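Try each one before you read its solution.

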Amino acid sequence: MDNELKNRSGFVNILGIPNSGKSTLINKLVGKKISIVSHKVQTTRFCVKGISLYDIDKEKGIQSQIIFIDTPGIFDAKRRLDKAMVSAAWSELKYCDNVIFIHDVSRAKINDETLKIIEKLIKIKASVILVLNKIDLCSKDKLLERTLNIEKLFDFKKIFMISAKNGSGCNDLLSYLAGIMPVHPFLYDKDTISDLPEALLASEITREKLFNTLNQELPYNLMVETEKWLINPNKSINIEQVIYVNKESHKPIILGKGGQNIKRVGIASRKELEELLNCKIHLFLFVKYKKNWMEDPRKYSSIGLDFNA
Ligand SMILES: Nc1nc2c(ncn2[C@@H]2O[C@H](COP(=O)(O)OP(=O)(O)OP(=O)(O)O)[C@@H](O)[C@H]2O)c(=O)[nH]1
Ligand SMILES: [Mg+2]
């Protein structure tokens, strides 16, 4: 049989409550930043695919292409945007051969949100791999106790203990997943690592810098849109982005004293974009008040969310 016919390719959905480390994990497994990370809950707003190629047999050139799907954190959503995010997280499940359920072991307990997800996974008879994350923050005894308690709740197909942040255990997880992907020709081009268009990634990078630069008073309800993308003759790129806030009072928070804050955000975002896109970037940020952007259906469809979820 032709070696190409021995390749594997399939989908792995990463599910979990907000802040459990889903995006940190996908970035680690793909080996490149494709999804933004912050210490705040509900950072990821829409599903992002990240693709990893793993050599199963280097000599024979047999590889496994694992298409990971990072999803918004699942919780008891009430507001429209939150509901749309949670619905998006569950919606990708139907395409997936495997599900990773990620649990943050540094949490004091297995909370209700976690139990609700497990209940649903039981109901839909999903094939689930449990990934216990943030083991760098947890003692061995606590980790053992948590493992015993959580494995009672569901017949997990396999359990891994990892730190998505420092990478421990991540190779074992990747190698296991590579081996269980179905034998199938690559579903995506060999060189593709993400399905996120560059302009959307650029908006996300700026949103991440806002989340990470602003502290407690950060208006969670902000959104960033890349409105202009102009490639100059010298190959540098001019990017114009608008940060939408839905309260006038949020504008000065984002700008900061004498515009210091927005300046910091702009510098951090530009630096990262230059690294990711490998060229010089001229980034221009604007802050605009837009009443109720969260009630505008177009803002949902532009990032693949269902306004009526
Ligand atoms: N110490 C430690 N921190 C981690 C680890 N994994 C993730 N984090 C941190 O946990 C926080 C949340 O990480 P994210 O990857 O954004 O979590 P998420 O599950 O994608 O969150 P949402 O998108 O909001 O659902 C960030 O501050 C990460 O740096 C880990 O293994 N160890
Ligand atoms: Mg995330």
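**Exercise 1.** Work out how many residues of each domain take part in the contact between domain 1 and domain 2.

*Solution.* Keep in mind that this is a predicted model. Start with the contact itself: nine residues of domain 1 touch ten residues of domain 2. Next, sort the domain 1 side by class, and you get four nonpolar, two polar and three charged residues. Now step back to the bounds: domain 1 covers 3-180 and domain 2 covers 198-301. Finally, take the centres over C-alpha atoms, and they come out 28 Å apart.

**Exercise 2.** Decide how helix 6 lies against helix 8: roughly parallel, roughly antiparallel, roughly perpendicular or oblique.

*Solution.* First find the pair: helix 6 spans residues 198-213 and helix 8 spans residues 260-277. They pack at an angle of about 140 degrees, with 9 Å between their axes. Roughly antiparallel would need an angle over 145 and roughly perpendicular 65 to 115, so helix 6 is oblique to helix 8. As for handedness, the crossing is right-handed. Helix 6 brings residues including Ala202, Ile205 and Leu210 to the contact, while helix 8 brings, among them, Val265, Ala268 and Leu273. By class, the contact has seven nonpolar, four polar and four charged residues.

**Exercise 3.** Describe the shell around ligand 1 by class, and find which helix gives the largest share of it.

*Solution.* Count first: 24 residues surround ligand 1, and Gly21, Ser23, Thr44, Gly73 and Lys165 are the closest. Split by class, the shell has six nonpolar, 14 polar and four charged residues. Then look for the largest share: helix 1 (residues 22-30) supplies it, with three residues.

Definitions and conventions
Residues are numbered from 1 along each chain as its sequence is written. Chains are lettered from A and ligands numbered from 1 in the order in which they are written. This is a predicted model: local features need pLDDT of at least 70, side-chain atom pairs count only at pLDDT 80 or more; totals for chains, interfaces and linings use all residues. A residue is near a molecule or strand if its C-beta atom, placed from the backbone, lies within 6 Å of it. Helices (H or I, at least four residues) and strands (E, at least two) are DSSP runs, numbered from the N terminus. Ala, Val, Leu, Ile, Met, Phe, Trp, Tyr, Cys and Pro count as nonpolar, Asp, Glu, Lys and Arg as charged, and the others, Gly among them, as polar. Axes are lines fitted to C-alpha atoms, for helices over the stretch in contact, and angles run from 0 to 180 degrees between N-to-C directions. Angles under 35 degrees count as roughly parallel, over 145 as roughly antiparallel, 65 to 115 as roughly perpendicular and the rest as oblique. A crossing is left-handed if the near helix is turned anticlockwise from the far one by less than a right angle, and right-handed if clockwise. Two residues are in contact if their C-beta atoms, placed from the backbone, lie within 7 Å. Domain bounds come from an automatic or database domain assignment.
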